[in-house]
Amino acid sequence: MSAKTYILMDPATGKKIELKARAGSVGPDVIDIRSLYGEQGLFTYDPGFGSTAACESKITYIDGDQGILMYRGYPVEQLAEKSSFMEVCYLLLHGDLPTAAQLEEFTHTVTTHTMINETILRLFNGFHYDAHPMAMVAGVVGSMSAFYHDTTDIMNPRHRDIFAHRIIAKLPTIAAAAYKHTVGQPFTYPRNDLDYGSNLLHMFFAVPAQPYEIDPVAAQALDLLFILHADHEQNCSTSTVRLAGSSQANPYSAIAAGIAALWGPAHGGANEAVLEMLEQIGTPDRIPQFIARAKDKNDSFRLMGFGHRVYKNYDPRAKIIRTMTHKVLNQLGKADPLLDVAMRLEEIALQDPYFVEKKLYPNVDFYSGIIYKALGIPTSMFTVMFAIGRAVGWCAHWREMITDPEGRIGRPRQLYTGPARRDYVDVGKR
Ligand code: SDX
């Protein structure tokens, strides 16, 4: 079907402006406004980019009204049930599900690159013991651009592959080193005989003083959580990676920028904020006062883990994690009163007219912290766990941006409402 044409008319002159629409394979059409400023001297205005397509992408599709999330066309529900995080990494990076041989080779490559340079390890000694793990991880990942000079040709496909493999392989090791630094324990090296989730648990919780037995339920839960966090279209941190990478900066520094953006409580930092909120609520009987605060325009408090820029329906990831939370807690033989608070909070909020009218549903961060807590991961590490899952999405989008034939350095404009031109006044005359 030929592309639609939208007509914009200048009311002052009656001059008509034709703007072509472009259709995607699924989802809303876009209006191509690239010629708007050059030909008409007009900008568009969209703070937060809620109605703006910043790029063309083939990686992930979200339908916020239907609660749909697909990685390269595969529904996340099917991947959560049938795939593995290594397979999803290959899918996001290369566009198709791998053959058995391709998956084996990819997994071997990631597994055999999990160690980090010993001089990177020494960087952790520069942090105070109570440094926030996200600050340490962002800093150390950024420092990788100081270590790897052998693969900085971003136009070289092999260099781009090696960069992605290093980020996916080494982020859990860096995360574990940050955790060990905060608890004053010796760093635990990765093991090549362990799968991705098991290796992370080993590096986090093994100590020299005694054997550590990995719980397969915990390892499988981590693998599923990484699948669910792997990518999410043009979210804040991914857009940050794309924008930072568009200057052709070192890709490790672009990922570090993404980690920094993810840290915010409005974004990936929400999983940590959800646990703190649930602990602040404490018991179900205190829920109404917190819901009242969330509705109070004069109170900055928000129900963390609720609401989403895109999902105006239940976040499909939250649904899966909600079910998984019960299963993991039962399998681990653990009960958590905060889960009772969370379930009751969800039940009350989803009946409250304020939340119903504003379509504020639980998002991916609402339940994930309860599982991380059940696995023994401290609250301060929750957003680091999100970063580990999302790193492959950042790498996939960075590669797509770098190889985009229409790609240009990102440079938005603005609506200027500051002072008109005025002359300097000497201090004695002010
Ligand atoms: C993630 O983009 C992604 O894809 C992100 C993510 C990913 O995978 O990358 O999905 C991960 O970041 C999930 C979101 C985690 N953040 C939180 O849980 C923090 C709490 N949520 C809010 O801060 C908020 O809902 C946002 C940031 C998630 C969305 O903000 P928007 O789209 O800018 O929406 P908004 O702030 O304009 O809110 C619309 C209305 C406002 O009321 P009005 O001004 O219209 O009267 O809803 C209200 C808000 O006050 N509102 C809330 C609320 N979230 C929005 N009120 C109470 N509690 C909340 N949580």
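This is a predicted model: local features need pLDDT of at least 70, side-chain atom pairs count only at pLDDT 80 or more; totals for chains, interfaces and linings use all residues.

**Stop one: the core.** Select Val 141, Leu 303 and Leu 345, the residues with the most contacts inside the largest nonpolar core, which has 124 residues. Now colour helix α18, residues 382-402: with 14 residues, α18 gives the most to this core. In soluble globular proteins, nonpolar side chains tend to be buried together. For a closer look, centre on Val 141 and leave aside its neighbours within four places in sequence; among the residues in contact with Val 141 are Ile 167, Leu 171, Tyr 252 and Ile 259.

**Stop two: the ligand.** Show the 24 residues around the ligand, where His 232, Gly 305, His 308, Arg 309 and Arg 317 come nearest. That shell splits into 10 nonpolar, seven polar and seven charged residues. Next, pick out some polar atoms. You'll find a ligand nitrogen 2.8 Å from a polar backbone atom of Leu 303, and a ligand oxygen 2.8 Å from a polar backbone atom of Gly 305. Over at Arg 390, an N or O atom of the side chain sits 2.8 Å from an oxygen of the ligand. On its own the ligand exposes 1000 Å², and the protein buries 77% of that.

**Stop three: a loop.** Jump to Ser 246, in the loop between α10 (236-245) and α11 (251-262). Is Ser 246 buried or exposed? Ser 246 counts as buried because its relative accessibility is 11%, and the cut-off is under 20%. Its side chain reaches the backbone oxygen of Leu 243 at 2.6 Å. Finally, select Met 401, Arg 408, Ile 409 and Gly 410: leaving aside neighbours within four places in sequence, these are in contact with Ser 246.

Note on methods
Residues are numbered from 1 along each chain as its sequence is written. Side-chain values use heavy atoms; hydrogens and water are left out. A nonpolar core is a set of buried Ala, Val, Leu, Ile, Met, Phe, Trp, Tyr and Cys residues joined through side-chain atoms within 4.5 Å. Buried means under 20% relative accessible area, exposed over 50%, partly exposed in between (1.4 Å probe, protein chains only). Helices (H or I, at least four residues) and strands (E, at least two) are DSSP runs, numbered from the N terminus. Contact means heavy atoms within 4.5 Å. A residue is near a molecule or strand if one of its heavy atoms lies within 4 Å of it. A polar contact is a pair of N or O atoms within 3.5 Å; within protein, one must be able to donate a hydrogen and the other to accept it, and residues adjacent in sequence count only if both atoms are side-chain atoms. Accessible areas come from the Shrake-Rupley method with a 1.4 Å probe; for residues, only the protein chains shown count as cover. Ala, Val, Leu, Ile, Met, Phe, Trp, Tyr, Cys and Pro count as nonpolar, Asp, Glu, Lys and Arg as charged, and the others, Gly among them, as polar.
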